[in-house]
Amino acid sequence: MTQQDAKFRPQSDGPLSHLGRLIAVSSGKGGVGKSTVAANLAVTLARQGLRIGLVDADLYGPSIPGMLGIPGDTPPVMSPDRKVIPAEAHGVKVISMGMLSGDDKPAILRGPMVTKYLQMFVTEVAWGQLDMLFLDLPPGTGDTQLTLAQAFPLTGAVVVSTPQDVSLRIARRGLRMMEQVNVPILGIVENMSGFTCPSCGEVTHIFRQGGGQKIAASLDVPFLGSIPLDPAIVDSGDGGTPLVVSAPDSLAAQAYAGIATALSGGADQPGGLAVPFDWHIARGEGKPSAANPTSQNPSDRPVSLDYDDAGLAIGWPDGTTQTASPRDLRLSCRCAACRDEATGKPLLEPAAVPLEVAATRIWSVGNYAIGVEFSDGHNSGIYTFEVLRGLESTEAEDV
Ligand code: ADP
């Protein structure tokens, strides 16, 4: 196994494991640059040598083929085993409704059909082995997006927003929606966050600055970076050559590269439990291996996890181990069913939680949280590392 294989180990051995990490790119509303972000991230990672696929799931207004220079009238080719062979551009394998319908007119599709087409795009396409498959979702936070988010075992979602208040408020709604269906938020990208002067390169903040960062902080999800407003992005998108290819040294291309690195957990990312894991405690599978604490480990990320009857033992980079009992973990669930979103008041009655409740599965959520499934069937809670750190420990000791 090469180092790259190890780093991009698929999350499960299921039928979609050859797709690597499934990452949705979403936005609360159209026109914020979601498809441009998806295309530039995909091409950046492909140019770094990763095997990348991109599904243009924005079925109503497919724009990916145009941005990557794929002719709209390319008829799909079928493989001998009756799978659609994806187009390839700038090193990225691409499938889009635009290619199947032969033009770029918005397809008139009803909600259930959208899910059916997408299912086909993911499962009936000859992707081969991938490290990551990006899904450029249709804009919005309605039923279609909810269904799509639930239809696939997503590794997580990237939410794109512009810095204006209204856009950020909608992005917040989208984040809540993803969390409710247990899709981890990999982070927020703020697009068009300042204007880069074409002659002097200086960045002017036309809209207010830092809104994306604030929302990310208030919702306790990572902020992945800001991309400046740059007219060259429009030209390169219209011309079919994404900016990261036409102007790789530009500020915007560097911003895309930074976000791509954050998503891929690149070599320069500090350690901790960054490698995705899906640990079925009941079956003894997928247990995360402990990382070596170094000065590189962020202080808020665990370096080891262990589980036994006493509970979840969390090792922190400062050498301390904290043990949270299974029942305490269950009672501190912050999902919408267990805690009032507005007031933070617990909704879960302690008497309703069996004394002998146990964790049956623990999995990584981005690089900021874990998900836990319990023996009472509850599995919608996401525990950020910050929340874990704040839990009362039944035992704390120096290692
Ligand atoms: P969405 O997928 O959210 O509907 P698109 O990616 O299609 O949005 O982008 C909408 C328009 O905005 C396109 O013309 C695109 O070239 C332009 N655009 C996207 N990001 C930027 C940016 N950072 N600076 C300038 N124009 C941008």
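1. Asn40 is buried, with a relative accessible area of 3%. Buried means under 20% relative accessible area, exposed over 50%, and partly exposed in between, with a 1.4 Å probe and protein chains only. Asn40 sits in helix α2. Helices (H or I, at least four residues) and strands (E, at least two) are DSSP runs, numbered from the N terminus. The side chain of Asn40 reaches the backbone nitrogen of Leu243 at 3.3 Å. That pair is a polar contact: a pair of N or O atoms within 3.5 Å, where within protein one must be able to donate a hydrogen and the other to accept it, and residues adjacent in sequence count only if both atoms are side-chain atoms.

2. A word on the basis. This is a predicted model, where local features need pLDDT of at least 70, side-chain atom pairs count only at pLDDT 80 or more, and totals for chains, interfaces and linings use all residues. Residues are numbered from 1 along each chain as its sequence is written, and side-chain values use heavy atoms, with hydrogens and water left out.

3. Asn40 also lines a cavity. The second largest cavity has a volume of about 40 Å³. Its lining is Thr36, Ala39, Asn40, Met67, Ile233, Ser236, Gly237, Pro242 and Leu243. Helices α2 and α9 are the elements that give two or more residues to this lining. By class, the lining of the second largest cavity has five nonpolar residues, four polar and no charged. Here Ala, Val, Leu, Ile, Met, Phe, Trp, Tyr, Cys and Pro count as nonpolar, Asp, Glu, Lys and Arg as charged, and the others, Gly among them, as polar.

4. How many cavities of 30 Å³ or more does the structure hold? There are two. On a 1 Å grid over the protein atoms alone, a cavity is a set of points where a 1.4 Å probe fits but cannot get out, and lining residues have an atom within 4 Å of a point. Grid points are joined across faces, edges and corners, and a volume is the space filled by probe spheres set on the points.

5. The largest cavity holds about 60 Å³ of space. Ser26, Ser27, Gly28, Leu137, Gly140, Thr141, Gln145, Gly174, Met177 and Met178 line the largest cavity. Helix α7 gives the most, with three. The lining of the largest cavity divides into three nonpolar, seven polar and no charged residues.

6. Now the ligand. Which residues come nearest to the ligand? Of the 16 residues around the ligand, they are Gly31, Lys34, Ser35, Thr36 and Pro228. A residue belongs to these surroundings if one of its heavy atoms lies within 4 Å of the molecule. Thr36 also lines the second largest cavity. At least two residues of the shell come from each of α2 (34-47), β9 (185-196), β11 (223-229) and α9 (231-239). The shell has eight nonpolar residues, six polar and two charged.

7. Backbone atoms reach the ligand too. A backbone N or O atom of Val32 lies 3.1 Å from a ligand oxygen. For Gly33, a polar backbone atom is 2.9 Å from an oxygen atom of the ligand. Asp230 has a backbone N or O atom 2.9 Å from a nitrogen atom of the ligand. Taken alone the ligand exposes 570 Å², and the protein buries 81% of that. Accessible areas come from the Shrake-Rupley method with a 1.4 Å probe; for residues, only the protein chains shown count as cover.

8. Most residues other than glycine have a negative phi. Arg82 is not a glycine, yet has a positive phi of about 60°. Arg82 is in the loop between β3 (77-78) and β4 (84-85). Is Arg82 buried or exposed? Arg82 is exposed, with a relative accessible area of 61%. His90 has a positive phi as well, near 50°. His90 lies in the loop between β5 (87-89) and β6 (92-96). His90 is partly exposed, at 30%.

9. Pro15 lies between α1 (3-7) and β1. Pro15 is exposed, with a relative accessible area of 77%. The C-alpha atoms of Pro15 and Thr123 are 8.9 Å apart, though 108 residues separate them along the chain. Thr155 lies in the loop between α6 (143-151) and β8 (156-161). Thr155 is buried, at 11%. Thr155 and Gly20 are 135 residues apart in sequence and 9.0 Å apart in space, C-alpha to C-alpha.

Note on methods:
On a 1 Å grid over the protein atoms alone, a cavity is a set of points where a 1.4 Å probe fits but cannot get out, and a pocket is an open set with protein on both sides within 12 Å along at least five of seven lines; lining residues have an atom within 4 Å of a point.
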